[in-house]
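New page in the notebook. I'm going through one structure today and jotting down what I look up as I go.

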Amino acid sequence: MSEELPSPDKSGSLWKTLRKRTRQIREEAIRTLWFCTAIFAVVAIFFILFFLVKNGYPIFEQIGVWNFLTGDVWNPTGAPPAYGIYPLIVGTLFVTLGAMAIAIPLGIAVAVFIAELAPSWMKGAIKPAIELLAGIPSVVYGFFGLIVLTNWIRISFDVASGETWLAGSLLLGIMALPTIVSVSEDAISAVPRAYREGSLALGATHWQTIAGVVLPGALSGITAAIILGMGRAIGETMAVIMVVGNAGVVPEPLWNILSPIRTLTGTLGIEMGEVAVGSSHYHALFGVAVVLLAITLAVNLLARGILVRVSEQHTATTGATRRARKGRGETARPYARAVLGIGTLGLLAAATDVLVAAVAAVTLFGAVRVRRRVSPKTRQKIAFGLLYAVTGIVLFVLGIILFDIIYNGAPALSWEFLTAPPSDLGRAGGIGPAILGTLYLVGGAILFALPIGIGAAIYLREYTRGGRITGIIRAGVDLLGGTPSIVFGLFGFAFLVLYLNLGVSLLAGQITLGLMVLPTIIRTTEEALKSVPGSVREGSLALGATHWQTIWRVVLPPAVPGILTGTILSVGRAAGETAPILFTAVVFSRRFLPESVMEPVMALPYHLFILATNVPGARENQYGTALVLLALVAAIYLIAIFVRTRYQRSIRW
């Protein structure tokens, strides 16, 4: 009896079923792969928290959480040792509040100018200049502050040292400006144009429209910008170490801005490299890191919550609700202003004395009276004049920093300086190994972070739209992005250097830097994917393409410029960071390049930090190193700006 063969129709049907099943398995495998990359950020922040708490817990157990937080003496090497971080918390808060007092009015004024007043050609020039402020490495800011700013404070105020609370606040205020300007400008630009037109149609001046309609409409976004800028200031390490004097004392009196102070980040940066592993001092430093991380995560979660609320309000608020809120706001506004004014004067009186508070109250009352007697057109001229002046001041500060470093650093540049190893503790020779070491660190960090970041962004944008898991992943990415760079350094030291026994090595530094830039790559890639219209995806799927084929062949190609921009920005940030590699990857002087990833390297930011703080008589090489580092990072950021601008002009959907 002969075996019955399957008919051609049945064979074809089986083949089609097999192909369909294979495609489904492949799609599920790809989706699972991207989910694993997306969950990596959550795993990373969990490991950071776990290792910080694990290493900090012994000090909490030894002296108690309350005593650790409220103790007024930090002297781990004393007899007996003292582990009170109250002066460090006060120093961190004071220098941050001083920075915000400088950055908030300047940042909002510049954002208003860019969004509302600047013509397109001027806006195209000012925005890259402000972004360049963000691109300057913190160690370069610290070097400028140490050489120029502290000397100016010492001479101007006739004090023994210019390394003070004032120097730290001025420098951090400048560093926080780009964040506040960028996020505030986006919030102001997002206010619907119809609001402006309606206000102008009712007879309001341009300034009345800005002050009464645009700024209130963008208030939540501006608040988020301020909180993000505050998080940037709280988490800064290297610049603060170089200019605040690092004395663990509470200023006396409290408003003495010329007193030296010490911050939480500064304490970690100064002491971690010299402490014995496993000692009480070691565990106390991890306790400091736990407190620092808790503060910064709280600040960033608050900013994230505000931004989410802003988005919901812009998409869900009806006209009737707006009118009701407006009515309630008009009724409550006088009382809110009175409470705010009385509270502010009370705090001022408590911090200074009654006479200062009385003078402030009289001045404020006089300003309000004068304001009511000035015509709207005159007020507009004054306001616009101030906006132009503030923008000019910010650009002038940028110009001073760039001019000082270029003018003093250019004479040091030569082929030998760029290629030779250092000699005489960096006073002579060059920085060749430091340049190549920086490129090795950055290249490895990008190779580590880029595939994970792109995969996470693809999953978040293309495979999911909401739900609890997605919310957890996004929260993990946000928390990872808000983690201070010095905390990444401590995690790298505890987990990679000690626990995994990688030692101080190129590999440990590359992984640490990769973790730090991962959130930037995820966010910029997701934004690039978001810019591709949904109709493009629908057309591809309608033609029979699978989900992954649509992503690979239709969605990713037009998103490449945006992904490239995020990658370049990540390269610039990694190249300028010092704190993450401080305990994981670098040595000050090395004549030859590493022969394997398990050896330490030189790096430009760390080399500049040691030259500026520990090597006297190296002025020319200090400026030369700062100029090379600044030129490298600025070139990277300018490339990113060029790619973004060209992409925005060429895109046509």
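**Ground rules**

I started with Pro80, which I found in the loop between strand 1 (74-75) and strand 2 (82-83). For my own reference, helices (H or I, at least four residues) and strands (E, at least two) are DSSP runs, numbered from the N terminus. This is a predicted model, so I note that local features need pLDDT of at least 70, side-chain atom pairs count only at pLDDT 80 or more, and totals for chains, interfaces and linings use all residues. Residues are numbered from 1 along each chain as its sequence is written, and side-chain values use heavy atoms, with hydrogens and water left out.

**Cis bonds**

I found another cis bond from Glu252 to Pro253, where omega is near -10 degrees. Pro253 sits in the loop between helix 10 (238-243) and helix 11 (264-271).

**The overall picture**

I looked up the secondary structure and got 24 helices and four strands. Of the 653 residues in the protein, 47% are buried. Buried means under 20% relative accessible area, exposed means over 50%, and partly exposed is in between (1.4 Å probe, protein chains only). The accessible surface comes to about 31400 Å², and 65% of that belongs to carbon and sulfur atoms. Areas like this come from the Shrake-Rupley method with a 1.4 Å probe; for residues, only the protein chains shown count as cover.

Then I checked contacts, meaning heavy atoms within 4.5 Å. Among contacts with a separation of 6 or more, 78% are between residues 24 or more positions apart.

The pLDDT average for the protein is 83, and 86% of the residues score at least 70. That score is the predictor's confidence in each residue, from 0 to 100. Which stretch stays under 50? I looked, and residues 315-333 do; the model has five contacts beyond four places in sequence for them. Where pLDDT is low, the predicted coordinates should not be read in detail.

**Helix 1**

Helix 1 covers residues 8-63, and Phe47 lies in it. Phe47 is partly exposed at 31% relative accessibility. Together with Val43, Phe46 and Phe50, Phe47 forms a nonpolar patch on the surface, with about 360 Å² of accessible area in total. My note on patches: they are made of residues with over 30% relative accessible area and no salt bridge, with like charges joined within 9 Å and nonpolar side chains (Val, Leu, Ile, Met, Phe, Trp, Tyr) within 5 Å.

Ile63 is in helix 1 too, and I have it down as partly exposed at 22%. Leaving aside neighbours within four places in sequence, Ile63 touches Phe68 and Tyr83. Ile63 and Tyr83 are 20 residues apart along the chain, and their C-alpha atoms are separated by 8.2 Å.

**Ser199**

Is Ser199 buried or exposed? It counts as buried, because its relative accessibility is 10%. Ser199 belongs to helix 7 (residues 193-201). Its side chain makes a polar contact of 2.9 Å with the side chain of Thr209. A polar contact is a pair of N or O atoms within 3.5 Å; within protein, one must be able to donate a hydrogen and the other to accept it, and residues adjacent in sequence count only if both atoms are side-chain atoms.

**Positive phi**

Asn246 has phi near 55 degrees, a positive value in a residue other than glycine. Asn246 is buried at 17%. Leu425 has phi near 60 degrees, but Leu425 is exposed at 55%.

**Salt bridges**

I searched the whole structure and got eleven salt bridges. The rule is a side-chain nitrogen of Lys or Arg within 4 Å of a carboxyl oxygen of Asp or Glu. Glu526 pairs with Arg474, with the closest N and O atoms 2.7 Å apart. Glu526 lies in helix 20 (residues 506-530) and Arg474 in helix 18 (residues 468-482), so the pair ties together parts 52 residues apart in sequence. Arg262 and Glu271 form another, at 2.6 Å between the closest N and O atoms, and both of these residues are buried.

**Helix 23**

Last stop: helix 23 (residues 604-614) is mostly covered, with nine of its eleven residues buried. Among the buried ones I noted Tyr606, His607 and Phe609.
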